[in-house]
Amino acid sequence: MAENRGAVVTVAHQVEVHRLAVAGREASIAREVGSQVAATWLRTSRFAEVEALTTETLRLGPDADAFYSRGWARSATGRASQALNDYGQALALYRQKGSSGNEAATLSNIGLSLNELGDPRQALAHFQQALPIARAVGDRAGEATALSNIGSLYNRLGDRQQALAYCQEALPIQREVGDRVGEATTRFNIAMVHLAHGRLDQAINELERAVELERQVSHPDLAADTALLERLRRQLH
């Protein structure tokens with residue numbers, strides 16, 4: 001219990017440092033500390049707080065990490081257009097700094113926002129840009145995410161063969177890096193490809209694996225995917 005209280009105090013202290021830095025127009029401190037707090041809060045879905053914090057940071061001028069984190073917060077709360085604008089500004093700044101790893105992650109998030117806004121072809125183009133960059137910098141998790149996203153988009157666009165190939169390429173990498181959330185998403189995508197082809201038994205097999213992974217990480221889609229799995233099982237029998 002003492003460790004937990006210490007963690008809370010540390011974040012609270014960082015928030016106060018950030019507030020004072022913004023008030024004193026100490027941009028470098030506000031950006032560094034704000035980036036750390038935003039990363040912590042994003043992991044616990046405190047999206048409103050992240051948006052408020054990063055907006056305060058941006059009062060001191062453009063900052064790639066602040067734009068990126070605010071874009072994530074806005075995307076997670078259903079504002080894809082605003083997220084897309086933030087990600088676009090983050091991308092330009094990361095490119096100026098030569099920050100290739102962050103560029104790849106931002107391209108992937110731009111793709112997700114474009115897909116949410118109903119433009120799967122442009123989304124696919126951004127995922128395809130992210131993939132070689134992630135590979136070049138050795139970002140295995142980012143590589144797997146890009147592969148899975150490309151597979152999902154090909155499935156949406158009706159190219160089931162390409163969809164399956166990209167998703168199956170992503171799986172061993174996700175297992176290698178221990179990305180259970182990513183693996184669950186990829187297995188769900190594979191299940192949807194099999195379902196589109198009428199391969200109900202294979203779809204159920206992949207969805208069972210996805211649901212088990214979701215259960216391990218308390219994934220928010222667990223209830224919906226479990227219900228879908230039960231419906232498919234009833235259809236099979």
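**Reading aromatic pairs and salt bridges**

Reader: Tyr 68 counts as buried at 17% relative accessibility. Under what relative accessible area is a residue buried?

Author: Buried means under 20% relative accessible area, so Tyr 68, at 17%, falls in that class. Keep in mind that this is a predicted model.

Reader: How many aromatic pairs does the structure hold?

Author: The structure holds four aromatic pairs. One of them joins Tyr 68 and Tyr 94 edge-to-face, with 6.5 Å centre to centre and 65° between the planes. This pair links distant parts of the chain, 26 residues apart: Tyr 68 sits in helix α4 (residues 64-76) and Tyr 94 in helix α5 (residues 80-97). Tyr 94 is buried as well, with 2% relative accessibility.

Reader: Is the pair of Tyr 154 and Tyr 166 stacked or edge-to-face?

Author: Planes under 30 degrees apart count as stacked. Tyr 154 and Tyr 166 have 25° between the planes and 5.7 Å centre to centre, so the pair is stacked. Tyr 154 belongs to helix α8 (residues 140-156) and Tyr 166 to helix α9 (residues 160-177), 12 residues apart. Tyr 154 is buried, at 14% relative accessibility.

Reader: Which residues form one aromatic cluster?

Author: Tyr 68, Trp 72, Tyr 87 and Tyr 94 do.

Reader: Next, charged side chains. How many salt bridges does a search of the whole structure find?

Author: Side chains of opposite charge can pair when their charged atoms come close. In this structure the search finds 17 salt bridges. Among them, Glu 183 pairs with Arg 187, the closest N and O atoms being 3.0 Å apart. These two residues are four apart in helix α10 (residues 180-196), which means a separation of about one helical turn. Glu 183 and Arg 187 are buried.

Reader: Where does Glu 206 lie relative to Arg 187?

Author: Glu 206 forms a salt bridge with Arg 187 at 2.8 Å, N to O. Glu 206 is in helix α11 (residues 200-217) and Arg 187 in helix α10, so the bridge ties together parts 19 residues apart in sequence. Both Glu 206 and Arg 187 are buried.

Reader: Which residues do salt bridges that share partners join into one network?

Author: The network consists of Glu 51, Arg 70, Arg 74, Arg 79 and Asp 86.

Conventions. Residues numbered from 1 in each chain as written. Predicted model: local features only at pLDDT ≥ 70, side-chain atom pairs only at ≥ 80, totals over all residues. Heavy atoms only, no water. Phe/Tyr/Trp six-rings, centres within 6.5 Å; stacked < 30°, edge-to-face > 60°. Buried < 20%, exposed > 50% of the residue type's maximum accessible area, 1.4 Å probe, protein only. Salt bridge = Lys/Arg side-chain N within 4 Å of Asp/Glu carboxyl O.
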